Protein chains: 2
Amino acid sequence: MFGITPSARLRPSPFFEATRADGVTAFSTYNHMLMPTSFGHPEAEYWRLINGVSMWDVACERQVELRGRDAGRLAQILAPRDLSKAKVGQGKYVPLCNHAGALINDPILLKLADDRYWLSIADSNIWFWARAIAAERKLEVAVSEPDVSPLAVQGPKAEKVVAALFGDWVRELKYFWFRETTLEGIPVAVARSGWSKQGGFEIYLMDGSQGARLWNLVKDAGKAWDIGPGSPNFCERVESGLLSYGGDTDDHTNPYEVRLGKYVDLEVADDVIGIQALRRIHATGARRHQLGVTLEGEEPTQFGFLWHPIYRDGHKVGDLTNCAWSYRLKRNIGFALIDRACAVGDTVDVVKDGKPTRGALCELPFL
Amino acid sequence: MFGITPSARLRPSPFFEATRADGVTAFSTYNHMLMPTSFGHPEAEYWRLINGVSMWDVACERQVELRGRDAGRLAQILAPRDLSKAKVGQGKYVPLCNHAGALINDPILLKLADDRYWLSIADSNIWFWARAIAAERKLEVAVSEPDVSPLAVQGPKAEKVVAALFGDWVRELKYFWFRETTLEGIPVAVARSGWSKQGGFEIYLMDGSQGARLWNLVKDAGKAWDIGPGSPNFCERVESGLLSYGGDTDDHTNPYEVRLGKYVDLEVADDVIGIQALRRIHATGARRHQLGVTLEGEEPTQFGFLWHPIYRDGHKVGDLTNCAWSYRLKRNIGFALIDRACAVGDTVDVVKDGKPTRGALCELPFL
C-alpha cells in the first residue's frame with residue numbers, strides 16, 4: 001500500500017480527527033474529500049457490519065443543494081424519474097444522465113421543501129453539471145454545496161443505536177425518508193439509508209464544526225451494542241449487488257445496463273435531460289447488462305483495481321468491474337458489465353496478466 | 001501518512017508500473033487518477049528539479065477533446081480569452097469560468113486542427129461541463145477523453161534530454177507550442193510546457209499501452225544528465241507562484257483574484273460563459289487578491305492541508321491556501337487569498353490550532 005499525500009484539493013471531512021483518534025489506517029478520495037476505507041481489521045469490520053453495528057465517515061457523500069423558485073423544476077430536468085409525487089421529507093434514488101443517456105451519477109434526492117432539494121451524490125461533479133444546466137436554461141435556482149456531512153450507522157443493530165440517540169420515532173422512518181432534528185443542539189437530518197444492505201441510517205451533520213462531537217455521541221450511544229468504526233464495505237457491497245458509480249460504470253454506461261432501468265420513467269417531459277436517448281435505448285434494448293460472476297478457486301485473489309476483460313468462447317464479451325473475496329460465500333465474486341447475449345449460467349474466463357480464471361455468470365445480488 | 005486504498009474510481013496511469021518499479025512511495029488523486037507525489041526523497045527530488053532534470057508521471061493531467069465542426073466555437077464559448085488567432089500547434093493557458101465568473105479550471109488549450117482541440121485540464125470535471133454546454137447550445141461537437149497521458153521532463157537540463165530523444169527541433173519550440181511526432185513508433189505530442197518554472201517539456205503519450213516503454217526511453221536518454229523520477233514539486237511551485245486550481249481557489253474565486261486577469265479578454269463575444277460577470281468584476285475590482293506570505297521561524301512548520309485564516313489588526317482578512325518550507329529561502333512561505341485592502345509589506349498573523357504565526361505579505365512569485 002502506498003501513502004496518500006495531503007493536499008488542499010482533498011479536503012478532510014468534519015469527522016477526520018475523530019476517525020484518526022479511532023485508528024483509521026487508509027483512505028480513498030471521493031468528491032475531493034478523504035474517505036476512510038480501513039481501520040486496520042478488514043474482516044472484523046465486515047462481520048461487525050453483518051452481525052452488529054458499524055459507524056462510517058461518509059461526509060464525502062456531499063450534497064448538491066438546489067434552492068429557489070425553480071429548484072423542483074431543475075431537479076426534474078436533471079433526473080429521468082418522475083418526481084411529481086415526491087413529498088417533503090422523502091428521499092428518492094435517482095439516476096442522473098447526460099443528453100446521450102449515459103449515467104453521470106446516482107444520488108439520493110432529498111426534498112427538504114418545495115423550493116429546496118439536496119442531491120446526495122456519488123463521486124462526480126454534479127455542481128458543475130447542475131449550474132451549467134440551470135444557467136443555460138435561465139432557471140431561478142442557486143446551486144451550492146452546503147455544510148452537510150453524512151455519518152452512516154449500518155448493520156442489524158443500527159436501529160437500536162439510532163433510536164437510543166433520537167427516540168423511537170426513527171423506527172417508523174420509511175426507507176429513504178428523513179427528518180430534520182437536533183442532537184444535543186447539533187443540527188442534523190436523520191435518514192433511513194446507507195450504502196449497505198444490512199439496514200441502517202445516515203445522520204446528516206449540518207454543522208461541520210461539530211463533527212467530533214457527533215462522532216463521539218454516536219460512539220457512546222453504540223457502546224451497548226459494541227459499535228465500532230468502519231467504512232463502506234467493499235465485500236458487503238459486492239455481495240449485496242450495490243453499484244459504485246465510476247467504479248462499475250464507464251463514460252457510456254446507461255441506467256438499463258446496470259439494473260437502474262426501474263428508476264427511469266419514460267413518460268417524464270421531453271425537457272428532462274437524456275430522456276429522448278433513454279427512450280431510444282429502451283426501445284432497442286441496451287447493448288450490455290450487469291450480472292454477477294463467481295470465480296473458481298478457494299483462496300482470495302487480488303484482482304487489483306482495474307477492470308479485467310471477460311471472454312466467452314474465445315471472444316471478449318465484457319469486463320469484470322470489481323472483485324471481492326466473499327467472507328460468507330468463500331469465493332471470489334464480482335460484477336460483469338457484459339454483452340446482453342451472455343446469460344446466467346454461462347461459463348466465462350476473466351483474464352488478468354494474460355492468465356484466465358474460470359467463472360460462472362449469475363444473478364445479482366449474490367446474497 | 002495514511003495508506004491509499006485502490007479503487008476502480010481512481011485509475012492508475014499508463015506509467016503506474018514504471019513509477020512503481022522506480023520506487024514511488026506516495027500518491028495524490030487528480031481527475032480520478034493516481035498521481036505520484038513522492039519517491040521517498042523530497043529534498044533530493046527538489047534539488048534535481050532546480051539543478052538537473054526530473055521526470056514526472058502527470059498522466060492525471062487529462063485531456064478534454066473537442067472534435068467536430070463546432071469545436072473551435074465551443075472552445076471560445078468555454079474560455080473568456082480571445083482564441084481567434086490561435087494556430088494549429090499552439091497551446092494557450094486559459095481560465096475557464098462558470099456563468100458567475102468563478103474559476104472552474106485553468107487548462108492549457110492545445111489546437112490540434114481547426115476542428116480538434118484538447119483542454120489539458122487541472123483537477124475538475126470539464127467533460128461534464130463541456131458536454132452540458134455543447135448539448136444545451138446544440139453545437140456539433142463531440143466531447144471525449146482520448147487516450148492521452150502527459151509525461152513531464154522538467155528542469156534546466158530537460159531540453160538536452162528531450163533533444164537527445166527527438167532531435168534539435170525541440171530547442172526551437174516556443175512556450176506552450178507543441179508538435180505531433182513518434183518515438184520508436186510510439187505516437188506522442190511534444191510540448192514546451194510543464195507545472196514548474198525550471199523549464200521543460202511535456203510528452204503527451206497517445207497510446208496508453210506504451211507507458212512503460214516511453215518512461216524507460218526517457219529514463220535511458222536522461223541517464224547522461226542524471227535524470228530521476230519526481231513529481232509536480234510542492235515547494236518549487238509555491239516558490240514560483242504557480243496556482244493550484246482547487247487548492248488555492250474556492251467555489252467563488254474569479255481569475256482577477258488569483259493573478260489570471262491577464263488571460264481574460266473582456267471584448268470576446270457576449271455568448272462566452274462568464275464574460276458578462278467578469279466585465280462587472282473588472283469594473284468594480286475583485287474583492288480579494290493573491291499575495292505571498294513569508295512566515296517567521298527558521299524551521300519547517302507543518303501547516304497541513306487545510307486553509308488557515310489570516311488576521312490583520314485582529315480582523316480576519318483572508319486565508320493561507322498553501323504553505324511550504326522553501327529550501328532556497330529557508331523560510332515557510334505560502335499564498336494568501338486576501339482582502340484587496342491588504343498590501344505588500346503588511347504584517348499579518350496566520351492562525352493554526354488557535355496559535356498565531358507572524359508573517360509579512362509580499363509579491364508573488366517568491367523566486
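Domain bounds here come from an automatic or database domain assignment. The model is predicted.

**View 1. Two domains of chain A.** The assignment divides chain A into domain 1 and domain 2. Domain 1 is written in two segments, 16-62 and 148-237. Domain 2 covers 287-367. Their centres, taken over C-alpha atoms, are separated by 31 Å.

**View 2. Where domain 1 touches domain 2.** In chain A, 4 residues of domain 1 are in contact with 4 residues of domain 2. Which elements give two or more residues to the domain 1 side? They are helix H2 (42-51) and helix H7 (234-239) of chain A. By class, this side of domain 1 has 3 nonpolar residues and 1 charged residue.

**View 3. Secondary structure and extent of chain A.** Chain A has 22 strands and 8 helices. Along its principal axes, the C-alpha trace spans about 60 × 50 × 40 Å.

**View 4. Burial and contacts in chain A.** Of the 367 residues in chain A, 53% are buried. Buried means that 20 or more other C-beta atoms lie within 10 Å of the residue's own. Sequence separation gives another view of the fold. Among contacts in chain A with a separation of 6 or more, 67% join residues 24 or more positions apart.

Methods:
Residues are numbered from 1 along each chain as its sequence is written. Chains are lettered from A and ligands numbered from 1 in the order in which they are written. This is a predicted model: local features need pLDDT of at least 70, side-chain atom pairs count only at pLDDT 80 or more; totals for chains, interfaces and linings use all residues. Helices (H or I, at least four residues) and strands (E, at least two) are DSSP runs, numbered from the N terminus. A residue is buried if 20 or more other C-beta atoms lie within 10 Å of its own, exposed if 12 or fewer, and partly exposed in between; C-beta atoms are placed from the backbone. Two residues are in contact if their C-beta atoms, placed from the backbone, lie within 7 Å. Ala, Val, Leu, Ile, Met, Phe, Trp, Tyr, Cys and Pro count as nonpolar, Asp, Glu, Lys and Arg as charged, and the others, Gly among them, as polar.
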